[in-house]
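Subject: Handover of a structure for your review

Dear colleague,

Please find below the structure that I am passing on to you. My findings follow it.

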Amino acid sequence: MMQLNCPWCGPRDENEFACGGSSHIARPGLAASDQVWGEYLFFRDNPKGVHRERWRHVQGCGQWFNVARHTVTHEVLSVYAVTDAPPKLG
Amino acid sequence: MNYSVWSLLRGALSGHRHWLPAWRTPTPKRTYDVLIVGGGGHGLATAYYLAKNHGISNVAVIERGWIGGGNTGRNTTIVRSNYLYPQSARLYDFSLKLYEGLSRALNFNIMLSQRGLVALAHSRHDLDSMSRWVNAMQMNGIAAELLTREQVGTLAPALDMSLQARFPVLGGLAQRRAGTARHDAVAWGYARAASALGVDIIQNCEVTGFVKRADGRVLGLDTSGGRILADRVGIAAAGHSSVLAKLAGFRLPVTSYALQAMVTEPIKPLLDTVILSPGAGAYVSQSDKGEMVIGAGLDLFPSYAQRGSFAVTQGVLAATLALFPSFGRLRLLRQWAGIVDVVHDSSPIIGPTPVPGLYINCGWGTGGFKAIPVGGWTLAHVLATGANHELAEPFQLQRFITGRFVDEAAASGIAH
């Protein structure tokens with residue numbers, strides 16, 4: 001079973017967590033066109049490779065945090081705070 | 001070669017040495033009229049209907065691995081059309097009707113078995129929403145019926161019918177025309193029929209880029225086997241649609257997830273219908289070989305790993321054992337996952353892309369197998385004529401900008 005390292009509770013099994021989708025998506029301004037707004041809401045990179053995503057420890061502390069994870073190997077490359085900028089991965 | 005009882009008898013007398021490969025293995029030409037990326041059911045069906053319905057047979061299907069080796073070979077083989085909205089009902093029932101005539105049309109036995117599908121109600125609320133679901137289906141002209149608890153118990157005696165069960169069975173919804181079909185045979189049947197009409201099926205050939213004109217129009221593909229040109233290209237790549245879209249320079253409203261399935265060791269006939277429990281999160285049917293085929297919900301995080309996580313395997317097996325306690329004695333034979341292309345309204349995308357000349361068929365999510373005939377039919381139509389097929393008109397990429405969704409995700413007509 002995949003484990004995630006919750007920044008507050010330490011390593012826990014994946015079924016304690018819920019994935020909240022892609023991180024670092026900037027919300028456009030209220031004057032944005034339908035095209036821009038639709039892309040903000042629905043269109044995603046959906047990479048086959050490293051994906052930066054939000055997770056929440058729903059069955060634990062309830063906190064959100066960011067994870068950089070490979071979508072083929074499921075290897076977790078980085079865990080960082082929800083407001084942090086995406087880390088550079090070596 | 002026409003398959004018939006006579007060709008079988010002839011083979012019996014001659015040691016079965018007269019059979020030919022079901023499809024050709026050609027060297028790719030430099031140019032085609034149409035290229036299809038993806039040799040699964042949808043891609044092969046597209047090629048077949050291009051040749052059959054539109055007379056366009058100068059077509060190549062480009063497949064990275066082997067045909068039918070992706071989701072076509074990984075699904076739980078269920079066909080049904082129990083959707084809620086009129087647009088979806090028309091689309092999926094057209095598909096089921098094509099399935100009903102497919103063995104004859106392709107001269108290839110796809111082993112369609114209309115054994116019926118029963119969705120279980122475990123609560124008063126399930127019963128209420130199923131009444132609505134049955135009404136919607138009947139309004140759309142698709143036969144459906146509500147079953148009492150006793151009727152469900154008679155149809156599937158192996159179910160735990162005790163009222164103390166973790167998921168007590170209070171009733172069900174049946175679509176009698178639903179059932180299963182042999183998944184590999186659907187791919188092979190379409191491949192054989194398309195190949196006989198002149199379509200080139202090119203396996204072990206990976207698309208590495210799109211060739212475009214200065215004004216952005218698609219001109220062909222760069223592949224691991226060299227450059228192949230065509231002025232129209234169709235993509236039917238399910239969970240890998242976003243990867244191809246990125247190569248072509250646009251994004252899709254798609255997220256790829258792993259969807260698991262598993263089979264037990266084969267046993268004698270025990271279950272002659274498809275049992276689906278949206279509440280428990282599992283569905284079960286018995287294959288012709290006797291294996292219990294068990295389908296799960298999604299692993300709810302983006303993944304391109306065709307294996308699925310243990311947490312979901314454990315959950316779906318617990319749910320299956322709660323429904324069918326006697327399965328506890330069976331051994332699990334195999335477990336796997338396919339990568340499915342999920343969109344927010346759980347409805348497909350069939351039509352043009354932002355790249356002129358490039359068309360796509362994706363977004364079927366967890367339910368692509370049942371839609372293979374209609375997916376191929378409608379993608380072939382738009383590739384051949386440049387205009388959307390009437391059935392595909394509500395299912396355009398543009399709906400994610402306009403907000404005109406066909407929201408089967410929020411409807412009860414979908415398992416996941």
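Which residue in S10(B) is the bridge partner of B:Phe210? The partner is B:Leu221. Please bear in mind throughout that this is a predicted model.

The sheet in chain B

The pair just named belongs to a wider pattern. Strand S10, residues 218–223 of chain B, runs antiparallel to S9(B), and 5 bridges join the two. Both strands are part of an open sheet of 3 strands in chain B, with the order S9-S10-S11 and antiparallel pairing. Strand S9 (207–212) and strand S11 (226–229) of chain B form the edges, each pairing on one side only. On average, and with direction ignored, neighbouring strands of this sheet are turned by 25 degrees against each other.

The domains of chain B

The domain assignment divides chain B into domain 1, covering 26–108 + 183–253 + 345–402, and domain 2, covering 117–176 + 256–342. Taken over C-alpha atoms, the centres of domain 1 and domain 2 of chain B are separated by 29 Å. Each of these domains of chain B brings 24 residues to the contact. On the side of domain 1 of chain B that touches domain 2, helix H3 (86–100) and helix H8 (241–248) of chain B are the elements that give two or more residues. H3(B) gives the most to that side, with 3 residues. By class, the residues on this side of domain 1 of chain B are 7 nonpolar, 14 polar and 3 charged.

A buried threonine

B:Thr366 lies in the loop between strand S19 (358–362) and helix H10 (372–385) of chain B. Is B:Thr366 buried or exposed? B:Thr366 counts as buried because it has 22 C-beta neighbours inside 10 Å, and the cut-off for a buried residue is 20 or more. From C-alpha to C-alpha, B:Thr366 is 9.4 Å from B:Ala258 in space, although the two are 108 residues apart in sequence.

The contact between the chains

Chain A contributes 20 residues to its contact with chain B, and chain B contributes 21 residues. On the side of chain A that touches chain B, helix H1 (34–42) and strand S4 (50–56) of chain A each supply at least two residues. The largest share of this side, 4 residues, comes from H1(A). The side of chain A that touches chain B consists of 6 nonpolar, 7 polar and 7 charged residues.

Yours sincerely

Definitions and conventions
Residues are numbered from 1 along each chain as its sequence is written. Chains are lettered from A and ligands numbered from 1 in the order in which they are written. This is a predicted model: local features need pLDDT of at least 70, side-chain atom pairs count only at pLDDT 80 or more; totals for chains, interfaces and linings use all residues. Two residues are in contact if their C-beta atoms, placed from the backbone, lie within 7 Å. Ala, Val, Leu, Ile, Met, Phe, Trp, Tyr, Cys and Pro count as nonpolar, Asp, Glu, Lys and Arg as charged, and the others, Gly among them, as polar. Two strands pair if DSSP finds at least two bridges between them. Axes are lines fitted to C-alpha atoms, for helices over the stretch in contact, and angles run from 0 to 180 degrees between N-to-C directions. A residue is buried if 20 or more other C-beta atoms lie within 10 Å of its own, exposed if 12 or fewer, and partly exposed in between; C-beta atoms are placed from the backbone. Domain bounds come from an automatic or database domain assignment.
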